[in-house]
Amino acid sequence: MRLALGALLWICLNVAAADTPVRYVLADGWAMPLVQLERGRPTQGILYDVMLSLSTQVGAPAEFHVVPRARVQSVMEHGEVDVRCYAAQSWQPNQSGDYIWSIPLFVQRDLLISRQGPPIAVVPANLQKESVGTVLGYIYPTLQPLFDSGQLQREDARSQEQVLEKLLAGRYRYAVSNQWTLDWFNQRLLPERQLQAVALLQEQNVGCYVRNDPKVPVQRILRTLLRMKMSGEIDDIIGLYIGAEPREP
């Protein structure tokens, strides 16, 4: 009888664990191919596909929380979400809380870009009194000293896609974008209208980190991410959206 009760309890606990979702945080400023947001909910994109596959392999439903970039770390610290992906430790040097990081999963290449025309290499430090399109709440370490001194001025938009739309419309001469979003945005433009990379600002490995909580299957999540990376699954997902490797600026 005792063995039967123990087995029943084990089954109940595992069913309950399987029904407990893994809660992911997404920044509302992201754009395709990272994630497509419709009415505040993700519907497709590299990160969306990675998170769905991760949850399926972990055996827990995926629950998505879309918040402003400035609140991403706060919701992690308050235990409102469990996993943040596409992040680097250098982006939050004063990070508080107990977290465990995955291996590097992606490479982010931040570019200074301009409108159509032959791409001419630009040294950002040589620019004077230029407005630069940026995403609200995003940090750009390479350009920050120039913003702080007033040599360059930020012109913030709510999302990366809005930044590129404003550049295309001529609201400013330069903007910052990651390589993936630039390539995705250019797909719908004629070659003579495509935006051009004029400088590589930063290249950085990024991954995921998990809130270290007994209620969260931390090690299972991290082992699954490792397996997805080593097997090539993550790279295959990236390839579905951007195809070939990014070009050099």
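K129 counts as exposed because its relative accessibility is 61% (buried means under 20% relative accessible area, exposed over 50%, partly exposed in between, with a 1.4 Å probe and protein chains only). K129 also has a positive phi of about 55°, although it is not a glycine. You'll find K129 in the loop between β7 (106-114) and β8 (130-135); strands (E, at least two residues) and helices (H or I, at least four) are DSSP runs, numbered from the N terminus.

A quick word on the ground rules. This is a predicted model, where local features need pLDDT of at least 70 and side-chain atom pairs count only at pLDDT 80 or more, while totals for chains, interfaces and linings use all residues. Residues are numbered from 1 along each chain as its sequence is written, and side-chain values use heavy atoms, with hydrogens and water left out.

- R39 is another non-glycine residue with a positive phi, about 55°.
- R39 sits in the loop between β2 and β3 (41-44), and it counts as exposed because its relative accessibility is 87%.
- The peptide bond running from M32 to P33 is cis, with omega near 10°.
- P33 belongs to the loop between β1 and β2.

**The G29 spot**

- G29 is in the loop between β1 (22-27) and β2 (36-38).
- With a relative accessibility of 2%, G29 counts as buried.
- G29 and L136 are 107 residues apart along the chain, yet their C-alpha atoms are separated by 7.7 Å.

**Other through-space pairs**

- Q95 lies in the loop between β5 (83-87) and β6 (99-101) and is partly exposed, at 25% relative accessible area.
- From Q95 to S74 the C-alpha separation is 9.9 Å, for a gap of 21 residues along the chain.
- R154 is part of strand β9 (residues 152-157), and at 28% relative accessibility it counts as partly exposed.
- R154 and Q144 are 10 residues apart in sequence, and their C-alpha atoms are 9.6 Å apart in space.

**Salt bridges**

- The count comes to 12 salt bridges, taking a salt bridge as a side-chain nitrogen of Lys or Arg within 4 Å of a carboxyl oxygen of Asp or Glu.
- One of them joins the side chains of E203 and R109, at 2.8 Å from N to O.
- E203 is in strand β11 (residues 196-211) and R109 in strand β7, so this pair ties together parts that are 94 residues apart in sequence.
- R109 is buried, with 7% relative accessible area.
- E155 pairs up with R171 in a salt bridge, and their closest N and O atoms are 3.3 Å apart.
- That pair links distant parts of the chain, with E155 in strand β9 and R171 in the loop between α5 (160-168) and β10 (174-178), 16 residues apart.
- R171 is exposed, with a relative accessible area of 52%.
- D235 and K229 form a salt bridge too, with 3.1 Å between the closest N and O atoms.

**Helix α7: packing and surface**

- Two packed helices are described by the angle between their axes and the distance between the axes.
- The axes of α2 (residues 46-58) and α7 come within 10 Å and cross at roughly 120°; axes are lines fitted to C-alpha atoms, for helices over the stretch in contact, and angles run from 0 to 180 degrees between N-to-C directions.
- α2 and α7 are therefore oblique to each other (under 35 degrees is roughly parallel, over 145 roughly antiparallel, 65 to 115 roughly perpendicular, and the rest oblique).
- M230 is found in α7 (residues 218-230), and at 63% relative accessibility it counts as exposed.
- I103, L226 and M230 make a nonpolar surface patch of about 280 Å², with accessible areas from the Shrake-Rupley method and a 1.4 Å probe, where for residues only the protein chains shown count as cover.
- Patches are made of residues with over 30% relative accessible area and no salt bridge: like charges are joined within 9 Å, and nonpolar side chains (Val, Leu, Ile, Met, Phe, Trp, Tyr) within 5 Å.
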